[in-house]
Amino acid sequence: MASLTGVDLLEYQGKQLFARHGVPVPSGAHATTVEGAVAAADELGYPCVIKAQVQIGGRGKAGGIKLAGNRREAEEHARAILGMDIRGFTVHEVWVEQASQIDAEYYASIVFDRSARRPLVMLSTKGGMDIEAVAEEDPDAIARLHIDPLLGFQDFHARRLAFDAGVDGDVIRPVGALLNRLYDAFVAEEAMLVEVNPMIVTPADGSGRRGVAALDAKVTLDDNSLFRHAENAELRNPSAEDPQERMAKERGLTYVKLDGDIGILGNGAGLVMSTLDVVAQAGGRPANFLDAGGGSRAEAITSAVEVILANQNVKAVLFNIFGGITRCDEVSRGLIEAFGQMDVKVPFVVRLDGTNDEAGRELLEEAGLPNVHVESTMLDAAARVVELAE
Ligand code: GDP
Ligand code: MN
């Protein structure tokens, strides 16, 4: 299920975001066709790496990341990777990147730790494809440090993490600098997560110094802050979202798909939550959370019905409206409109209470919609909808 508040970026989008904040990343180019990938590879030079861009980890193990030593290999790999299925995700785009030399693979991430109300920075020298196993079997191999947001990320934080993680002495500075930039990116872009796995240590260059770079990028942005970041709002990847969730977002509704068969609509998050609870108590399984919001107009209700019914699992729908700013007669108008536009086959149970509830019920009665049942209490409505869904 796509999260209510997070937008997951593809690796290359994350790397482009990192680059804006000075986090070192290899150069690369994006492509959606074999020809495009080969042209990008020619441009970048060989050896290069062709990387599947899908919103799921473990691409390396699934064969979605391949090294190409020449044009023929680039073409072969691009052909194999584009269209490939990686754990249920079809690859539609690749990122072609200059190959990196790797001395060591570290791990770094920053998440917002809600319980501590602070960002939590993690660092390990055991990065790479098996970090989950490391976290499970050897949790001490991952150094952790909460950062006071008012103080920000300081050099001593970097030294403490590097020391705890056992980072090689010669790369403590570049690792610290990368973490510092990563923290800037995390804060400035209002991310919920930034993860670099692997953060690679590159072999000594001409001057004998080893460096570090982000070889992979996982970034989750806070949906609720996207309006402050016009350039990030474009990064949402529609194909990764559930179609009903996407539809709801486009219509400005707060919707989360669940796995039951009773469609739910309410106005106000609190009311929708308690409606879910009451339906569950009555023995039913909600198919979604849908908050039509305060002051819901008829059009919003019509849209909401469309979104709810787009989920094929829905066998019955419960409307639970508490009229305050929202007028119950508007809700009825929206419902009648929806029935006029769509061929509604499932039963609806409607409970209207508060502003203009009487008028709302009269409208429904006059419209004589088939299969619409009016109940006057939340409990009765829940019991009825569960019965109708069976
Ligand atoms: P993930 O499997 O989806 O997490 O994809 P990553 O981007 O983390 O890549 C997986 C692994 O592929 C890395 O841990 C590296 O070992 C390897 N890899 C990726 N890019 C390169 C590269 O440029 N050069 C080399 N030698 N290996 C790479
Ligand atoms: Mn990775």
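Two strands are said to pair if DSSP finds at least two bridges between them. The views below show parts of a predicted model.

**View 1. Three domains make up the division of the protein chain.** Domain 1 covers residues 27-98, domain 2 covers residues 101-233, and domain 3 covers residues 242-389. Between the C-alpha centres of domain 2 and domain 3 there is a separation of 44 Å.

**View 2. Four strands form an open sheet with antiparallel pairing, in the order E2-E7-E3-E4.** Because strand E2 (28-31) and strand E4 (65-68) each have a single partner strand, they stand at the edges of the sheet, and one side of each is left without a neighbour there. From one strand to the next, the twist averages 20 degrees. Strand E2 runs antiparallel to strand E7 (residues 94-98) and is joined to E7 by 4 bridges, and Ala 31 has Val 94 of E7 as its bridge partner.

**View 3. Helix H2 (residues 34-44) packs on this sheet.** Helix H2 touches E2, strand E3 (48-52) and E7, and its direction makes about 15 degrees with that of E7. Helix H3 (residues 71-81), in turn, lies across E3, E4 and E7, and runs at about 165 degrees to E4.

**View 4. Helix H5 (residues 155-165) has buried residues and, on the face turned away from them, exposed ones.** The buried residues are His 157, Ala 158, Leu 161, Ala 162 and Ala 165; seen down the axis of H5, they fall within an arc of 125 degrees, so they line one face of the helix. The face turned away from this buried side carries the exposed residues Asp 155, Arg 159 and Phe 163. The cover over the buried residues of H5 includes strand E9 (118-124), strand E10 (142-146) and helix H6 (172-188). Just after H5, Gly 166 takes a positive phi of about 75 degrees.

How values were computed. Residues numbered from 1 in each chain as written. Chains lettered and ligands numbered in written order. Predicted model: local features only at pLDDT ≥ 70, side-chain atom pairs only at ≥ 80, totals over all residues. Heavy atoms only, no water. Domains from an automatic or database assignment. Helix = DSSP H or I, 4+ residues; strand = E, 2+ residues; numbered from the N terminus. Axes fitted to C-alpha atoms, helices over the stretch in contact; angles between N-to-C directions. Contact = heavy atoms within 4.5 Å. Buried < 20%, exposed > 50% of the residue type's maximum accessible area, 1.4 Å probe, protein only. Arc of directions from axis to C-beta.
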